Amino acid sequence: MTTLTVAEASIGYGDGDPVLRDVSVAVRPGELLAVTGTSGAGKTTLLSAMAGLLAPAEGRVLVDDDPVGDRDHAVSRGVVLIPQDNGLAAILTAAENIAVAMIATGRTPAEARRGTAEALEQVGLTGHGDQLIEELSGGQQQRTAIARGLALSGAVLLADEVTSELDAANRQRVIDLLRAEADRGAAVVFATHDPEAAAACDRELHLLDGVATWARP
């Protein structure tokens, strides 16, 4: 069981002013945490720091008591990120995008085939695995990225605006899947601007003007 902690972190890009200042939050195993705020409030910035993609200018990000050094280190500690832009390879099929990621993290080809099929079924894309990413709709691409994140089954799951292009039924399906990840013991962070999606989470951290405050502690 793994806890993700952001400790008094100021986070920004280059030499510019921090986007977020003095953020502290601990995400516990079995918890589904919503990170909310308007566009540009810093949701992606916070998740990027949690994922090891962005080093805080001040403060620390830790997996348990281990400081996150960079993205490779975060991955080695089981931190899985589903990015807002989906991060899929357009020249690969939906199934290949998932299987390649699973093999890269140490699964055997047989495990990758099974895991890919299960993940596509979870998000309602059975039958679409052989389609190229560019052949899928925006919502189907988003669900493929979610399937890849679920297939990697990390100790920490970071989901950045992963329901923005989904209809109501698929949005609820994804929220249920994130809840299931928390129920199996993962620490789950869900960045969203959707109040209904946030309400389904255990706690809500709201970002405004560079400051993080608890909407629901």
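Aspartate 64 counts as partly exposed because its relative accessibility is 29% (buried means under 20% relative accessible area, exposed over 50%, partly exposed in between, with a 1.4 Å probe and protein chains only). The model is predicted, so local features need pLDDT of at least 70 and side-chain atom pairs count only at pLDDT 80 or more, while totals for chains, interfaces and linings use all residues. Residues are numbered from 1 along each chain as its sequence is written, and side-chain values use heavy atoms, with hydrogens and water left out.

Aspartate 64 lies in the loop between strand E4 (58–63) and strand E5 (66–67). Helices (H or I, at least four residues) and strands (E, at least two) are DSSP runs, numbered from the N terminus. Although not a glycine, aspartate 64 has a positive phi of about 55°. Serine 153, also a residue other than glycine, has a positive phi near 45°. Serine 153 sits in the loop between H5 and strand E7 (156–160). Its relative accessible area of 38% makes serine 153 partly exposed.

The loop between E6 and H3 holds alanine 89. Alanine 89 is partly exposed, at 27% relative accessibility. Neighbours within four places in sequence aside, alanine 89 is in contact (heavy atoms within 4.5 Å) with Asn97 and Ile133. Its C-alpha atom is separated by 34 Å from that of glycine 59, 30 residues apart along the chain.

The largest nonpolar core has 39 residues. Such a core is a set of buried Ala, Val, Leu, Ile, Met, Phe, Trp, Tyr and Cys residues joined through side-chain atoms within 4.5 Å. Ile146, Leu178 and Phe190 touch the most other members. A second, separate core of 30 residues includes Val27, Val35, Ala41 and Leu205.

The largest pocket holds about 310 Å³ of space. On a 1 Å grid over the protein atoms alone, a pocket is an open set of points where a 1.4 Å probe fits, with protein on both sides within 12 Å along at least five of seven lines; lining residues have an atom within 4 Å of a point. Grid points are joined across faces, edges and corners, and a volume is the space filled by probe spheres set on the points. The lining has 18 residues, with Arg71, Val75, Val80, Thr105 and Leu152 nearest the centre. Helix H2 (71–76), strand E6 (79–82), helix H3 (94–104) and helix H5 (138–152) each supply at least two lining residues.

The second largest pocket has a volume of about 160 Å³. Its lining includes Lys43, Gln84, Glu161 and His193.
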